[in-house]
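Colleague: I am new to this structure and would like to be guided through it. Could we begin with the strands and then turn to the cores?

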Amino acid sequence: MKSAVFYGKHDLRLEEYEMPVVGPEDVLIQVKACGVCGTDVHIYEGDKGAAEVTPPTILGHEFSGVVVRTGKAVSNCREGDRVCIDPNCYCGACEACRNGAAHFCKHMIGYGTTVNGGFAEYCAVNCRQVYRLGENTSFEQGAMAEPAACCLHGLDMCEIRPGHQVVVIGGGMIGLLMVQLAKLAGAARVALLEPVEGKREVAGRLGADLCIDPLHENVKDTLAAAGMNWINTVIECVGRPSTMEQAIEIAGNKAVVMMFGLTKPEDTIEIKPFQIFQKELVLKASYINPYTQKRALELIDSGRLDVSSMVSEVCGLDRLEDILSRPEIRAKGKYIISPEK
């Protein structure tokens with residue numbers, strides 16, 4: 001099968017790869033769409049993502065497709081089903097799993113990280129990880145269920161209440177999802193900080209009440225002028241130390257600061273403990289997507305969550321390395337890979 005195989009830092013090869021072996025509890029999926037995630041970029045750059053990657057590996061953990069074969073023990077889906085997957089498969093038996101924190105599973109299998117994923121024509125996954133797509137959900141939208149599920153887990157931890165004021169930093173795919181989810185959670189006002197004009201425009205269409213260019217506007221003054229004087233939640237979706245420090249700076253009293261963006265493993269931020277004390281801040285981070293995939297799919301299929309407006313292009317496997325290696329391309333929006341192209 002045609003595949004994009006990761007061999008190490010800056011080494012991605014488009015090549016023919018052996019077809020996956022389908023075990024008794026596995027489902028073989030013909031991949032129709034696979035999103036390019038920031039985690040894929042980190043791995044391509046030689047950094048650690050959410051899990052360890054041992055090359056050679058086929059990356060890609062945000063994918064959907066059609067079931068073309070099922071193992072003899074599979075009963076929850078059948079050939080022809082349109083599906084997406086939750087890429088994180090837990091053992092169910094380790095200490096983390098037995099204590100209600102399965103996403104810290106010591107034996108977790110990660111499709112697209114610890115084992116082969118969706119940047120290929122086919123991928124075999126455990127049937128437990130398969131979710132049917134709704135009638136109104138396209139393959140491209142289905143591939144976006146995984147990032148939406150990650151956002152839902154982070155948003156749950158933010159404890160946004162009706163009437164809250166929320167600031168989202170970063171208008172990429174994740175930030176634009178967070179803007180919408182904050183509104184759905186009842187936030188009265190949601191502001192987005194994003195230097196790219198096109199992304200600010202999309203955010204406005206998706207419900208952001210205020211869009212600020214942090215490079216050319218005074219963020220605090222602009223927020224205050226708009227009546228956002230008590231920021232209950234700040235969600236950082238960039239993954240840079242400077243924007244994480246900014247999140248702490250603009251947070252209001254008793255606010256939750258969600259450090260959602262993925263930094264490089266060695267990055268550090270400078271925190272003033274007195275500032276945390278003085279404003280009684282709660283600093284949080286969110287790790288992957290435990291048990292939120294179904295909720296994400298329901299929001300997508302109902303039309304309540306737009307996962308399409310931020311997609312820049314659907315392209316073939318031959319474009320993947322270009323996308324991973326060039327930030328100016330990724331700045332245009334979300335990219336989806338279709339192995340059929």
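This is a predicted model: local features need pLDDT of at least 70, side-chain atom pairs count only at pLDDT 80 or more; totals for chains, interfaces and linings use all residues.

Colleague: In what order do the strands of the open sheet lie?

Modeller: The open sheet has three strands in the order β2-β1-β4, with antiparallel pairing. Its edge strands, β2 (11-16) and β4 (57-58), each pair on one side only.

Colleague: How many bridges join β1 to β2?

Modeller: Strand β1, residues 2-8, is joined to β2 by six bridges. Within this pairing, leucine 14 of β2 stands opposite alanine 4.

Colleague: And which strand is joined to β3?

Modeller: Strand β3 (residues 26-35) is joined to β5 (residues 62-70) by eight bridges, and the two run antiparallel. Isoleucine 29 has valine 67 in β5 as its bridge partner. β5 also pairs with β6 (residues 82-85) in the antiparallel sense, over three bridges; there, cysteine 84 in β6 is opposite serine 64.

Colleague: Turning to the cores, which residues of the largest nonpolar core touch the most other members?

Modeller: They are Val166, Val168, Leu177, Met178, Ile235 and Leu305, in a core of 44 residues.

Colleague: Which element gives the most to this core?

Modeller: That is α4, with eight residues.

Colleague: What is leucine 177 in contact with, leaving aside its neighbours within four places in sequence?

Modeller: The contacts of leucine 177 beyond those neighbours are Pro147, Ala148, Cys151, Leu305, Asp306, Val307 and Met310.

Colleague: Which residues does the second core include?

Modeller: The second core is separate and has 38 residues, among them Val31, Cys34, Val53 and Cys315.

Terms used
Residues are numbered from 1 along each chain as its sequence is written. Side-chain values use heavy atoms; hydrogens and water are left out. Two strands pair if DSSP finds at least two bridges between them. Helices (H or I, at least four residues) and strands (E, at least two) are DSSP runs, numbered from the N terminus. A nonpolar core is a set of buried Ala, Val, Leu, Ile, Met, Phe, Trp, Tyr and Cys residues joined through side-chain atoms within 4.5 Å. Buried means under 20% relative accessible area, exposed over 50%, partly exposed in between (1.4 Å probe, protein chains only). Contact means heavy atoms within 4.5 Å.
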